[in-house]
Amino acid sequence: MGTHESRAIRSRGAVADGHERTQTWQGSSVFTQVAVLTRRAVLNYLSDPRAVVLGLMPPIIILFLMASAFSKLNSHTPGIPPGVSYFQFVLPAVLVNCAINASVQTGAALVDELRSGVTARLRSLPILPSSILIASSFSGLIRTAVQAVILLVLAQLTHGNVSLGGLAGMVASVGLTLLMGWFLGWVFLMAGIWIRRADAMLSLAFLASLPLMFVSSAYIPVSDLPTVLAAVAHVNPVTYAINAERALFLKTAGRTVGAGVILPPIVISLVLGTATAYAAVRLFRRPLQASRQ
């Protein structure tokens with residue numbers, strides 16, 4: 001990704017047999033660059049326990065707060081499958097919220113490094129600039145996975161068997177969450193590169209994520225939303241992701257999960273994720289001096 005090539009580093013060796021040897025280092029492979037930078041980003045994230053704990057709290061609070069506030073909604077409510085509690089109904093939506101939360105953190109971390117000059121120093125090294133963004137994207141995936149696993153463990157400990165789809169449905173749901181996290185990670189990386197201010201980027205993330213979650217099938221069935229909001233929810237990509245996760249997680253109360261439910265969020269994530277990744281790499285070529293002002 002990107003047209004920049006790793007710069008060769010030449011050094012002169014000792015003279016042997018009257019000939020001076022020239023050694024050329026072509027740089028490490030892109031895989032090595034991404035692996036090292038991803039490890040650096042993850043260790044930097046884990047080095048601050050306060051950031052880890054604060055990053056884990058929002059999805060957990062949302063899950064238990066929403067489950068308590070709407071505890072009277074149950075299988076007798078139209079739109080909620082029979083035999084499914086509201087806690088089970090809202091859990092897949094909070095997994096999607098985990099992906100959004102971790103992606104915002106990924107974008108904010110990149111903004112911090114842009115403004116502190118760390119990114120400028122990294123770009124002075126003989127590496128592909130796009131490897132910095134790819135590593136940030138992978139570190140965001142790791143954050144999403146950690147948050148999703150912790151959330152599911154807490155849900156299992158507090159509410160018993162929360163997955164009607166069994167372990168396979170739970171694993172598939174986490175996989176779809178990671179795909180959503182990959183797509184959203186590139187969205188917020190692109191936003192961070194474009195805005196280059198943490199406060200403005202977080203405000204944009206709030207303005208974008210709040211309507212996406214509440215005007216969808218996340219917390220209330222679409223059939224129970226007002227007419228205008230229901231129309232918006234039907235075209236909201238988050239609705240497709242939540243419905244797919246809900247079908248995998250709950251097997252839609254015992255029915256077979258069809259490709260028509262699973263494929264739309266996968267296709268949307270792949271197409272929009274590729275487009276935003278390309279846009280982020282193009283924006284990353286801009287001079288970095290403005291970000292340090």
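User: Leaving aside neighbours within four places in sequence, which residues is N236 in contact with?

Analyst: Contact here means heavy atoms within 4.5 Å, and by that reading N236 is in contact with P211, L212, V215 and S216, once its neighbours within four places in sequence are left aside. This is a predicted model, in which local features need pLDDT of at least 70 and side-chain atom pairs count only at pLDDT 80 or more, while totals for chains, interfaces and linings use all residues. Residues are numbered from 1 along each chain as its sequence is written, and side-chain values use heavy atoms, with hydrogens and water left out.

User: Where is N236 found, and is it buried or exposed?

Analyst: Helices are DSSP runs (H or I, at least four residues) numbered from the N terminus, and N236 is found in the loop between α8 (227–235) and α9 (237–254). Buried means under 20% relative accessible area, exposed over 50%, and partly exposed in between, with a 1.4 Å probe and protein chains only; N236 has a relative accessible area of 5%, so it is buried. The side chain of N236 also reaches the backbone oxygen of L212 at 2.8 Å.

User: How many salt bridges are there?

Analyst: Side chains of opposite charge can pair when their charged atoms come close. The rule asks for a side-chain nitrogen of Lys or Arg within 4 Å of a carboxyl oxygen of Asp or Glu, and by it the count comes to three. One of them joins E113 and R40, with the closest N and O atoms 2.6 Å apart. E113 lies in helix α3 (residues 86–116) and R40 in helix α1 (residues 30–46), so this pair ties together parts that are 73 residues apart in sequence. E113 is buried at 14% relative accessibility, whereas R40, at 29%, is partly exposed.

User: Which residues form a nonpolar patch on the surface?

Analyst: Such a patch is made of residues with over 30% relative accessible area and no salt bridge, nonpolar side chains (Val, Leu, Ile, Met, Phe, Trp, Tyr) being joined within 5 Å. V53, M57, I61 and L65 form one, with about 350 Å² of accessible area together, an area that comes from the Shrake-Rupley method with a 1.4 Å probe. Among them, V53 is found in helix α2 (residues 49–69) and is partly exposed at 47% relative accessibility.

Note on methods. Helix = DSSP H or I, 4+ residues; strand = E, 2+ residues; numbered from the N terminus. Polar contact = N/O pair within 3.5 Å; in protein donor to acceptor, adjacent residues only side chain to side chain. Patch = residues over 30% accessible without salt bridge, like charges linked within 9 Å, V, L, I, M, F, W, Y side chains within 5 Å.
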